Amino acid sequence: MDILCAGRTREDGVAEHYPAASTAALDKVATDQIRLLTKVARMYHERGMRQPQIAAQLHISQPRVSRLLKRAVDLGIVRTTVIAPGGVYAELEEQIEQEYGVTEVIVADTDDHADESHVMRSLGAAAAVYLETTLLGGERIGVSSWSSTILATVEAMHPRPTPVADQVVQMLGGVGNVTAQTQATRITGRLSALTGAQAVYLLAPGLLASGDMRQMFVTDPNIEPVLRACENLTMALIGVGSIEPSPLLRESGNAFAESELPALRSAGAVGDVCMRFFDADGNHIESAFDERVLGIGAESLRNVPRRVAVAGGLRKSAAIKAALRGGWVNVLITDLQVARSLVLPTAD
């Protein structure tokens with residue numbers, strides 16, 4: 001027996017409809033019981049009647065009405081479909097989550113012709129809402145020192161009425177010239193103020209001239225506690241860099257010289273997180289360059305429980321895909337174009 005009930009869409013965007021229920025299941029239910037199940041379902045879902053009203057009209061108990069409504073769902077007489085409003089990409093987000101095995105993906109609503117500055121603002125706004133929603137207290141947050149998307153995020157956030165984090169730790173030394181290092185300090189300080197946390201600054205260059213020089217900094221009494229704090233983070237807020245530096249990083253006094261790019265490319269580098277470079281499969285590339293970086297180590301970063309990347313723009317799509325593959329990221333906030341590119345079939 002097929003039972004078809006007309007549907008409706010509630011004001012909250014959930015479409016309720018009653019398509020043909022499972023014939024096999026209904027064959028085991030008496031006809032008069034099916035009629036009652038269908039009648040109660042229509043009264044509750046279509047006519048908007050409350051359970052006590054239904055009970056009074058049909059002269060049955062309210063607990064029985066509740067049981068009948070549940071039974072109607074179990075038998076497939078009532079089915080609920082969620083219809084995503086415009087600008088929400090739940091199906092695409094879930095597809096990426098499943099394909100890459102990550103905890104959460106948030107796709108910011110951007111059109112295909114949006115310029116990079118618009119994409120950054122959209123990502124920042126989406127990331128700000130995510131942080132305001134999910135920071136519940138006691139967090140130790142590591143933050144990239146120089147990232148246009150992280151900068152956009154902290155600029156879009158609102159101060160929390162009560163502290164939602166204990167510490168905000170600068171995970172990488174200042175990058176580039178003095179202006180860039182000042183900006184790195186500003187990001188850390190701003191995020192700590194917004195979350196009510198203690199700011200922990202890494203007041204040193206992010207890239208040193210040699211590994212020996214880095215070793216000197218590592219043992220400095222002002223630097224060593226900061227690097228130790230990086231080992232106990234509960235969350236990392238990061239950008240994802242491509243092998244080609246962003247315009248923002250170039251303007252800052254790019255941390256590595258053009259002459260260093262060929263070596264990174266020949267090693268297969270496609271992107272970086274906190275200046276830890278990786279190949280297309282997300283494998284960390286260890287090199288002499290890597291030994292000069294003053295900041296959180298690759299394994300320490302990947303051991304942080306929640307690794308939130310705010311990254312977008314098609315020029316970074318290969319780097320973002322690699323970061324997902326390599327476990328550098330388990331929460332991704334990105335734009336629509338990049339999100340679509342992440343689920344396209346590839347030759348590899």
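Q: Two strands pair if DSSP finds at least two bridges between them; in which sense do β6 and β7 pair?
A: This is a predicted model, in which local features need pLDDT of at least 70 and side-chain atom pairs count only at pLDDT 80 or more, whereas totals for chains, interfaces and linings use all residues. Residues are numbered from 1 along each chain as its sequence is written, and side-chain values use heavy atoms, leaving out hydrogens and water. Strands (E, at least two residues) and helices (H or I, at least four) are DSSP runs numbered from the N terminus. Strand β6, residues 165–170, is joined to β7 by 3 bridges, and the sense is parallel.

Q: Which residue of β7 is the bridge partner of V169?
A: Strands β6 and β7 pair over 3 bridges. The partner of V169 in β7 is V200.

Q: Which strands form the edges of the open sheet?
A: The sheet has 7 strands in the order β4-β13-β12-β8-β5-β6-β7, with parallel pairing. Two of these strands pair on one side only: β4 (104–108) and β7 (198–200).

Q: What angle does helix α6 make with β13?
A: In the sheet, the twist from one strand to the next averages 15°. Helix α6 (residues 116–134) packs on the sheet and touches β4, β5, β8, β12 and β13, a contact being heavy atoms within 4.5 Å. Angles run from 0 to 180 degrees between N-to-C directions, with axes fitted to C-alpha atoms, for helices over the stretch in contact. Between α6 and β13 the angle is about 150°.

Q: How are α3 and α4 oriented relative to each other?
A: Helix α3 (residues 51–58) meets α4 (residues 62–74) through Q51, P52, I54 and A55 on one side and Q62, V65, S66 and L69 on the other. Their axes come within 8 Å and cross at roughly 110°. Angles under 35 degrees count as roughly parallel, over 145 as roughly antiparallel, 65 to 115 as roughly perpendicular and the rest as oblique. The two helices are therefore roughly perpendicular.

Q: How many of the 9 residues of α14 are buried?
A: Buried means under 20% relative accessible area, exposed over 50% and partly exposed in between, with a 1.4 Å probe and protein chains only. In helix α14 (residues 317–325), the buried residues are S317, A319, I320, K321, A322, A323 and L324. They pack against α5, β9, β10, β11, β13 and α15. Helix α14 is mostly covered, and its count of buried residues is 7.

Q: Which residue with a positive phi follows α14?
A: The phi of this residue is near 75°. The residue is G327.

Terms used:
Two strands pair if DSSP finds at least two bridges between them.
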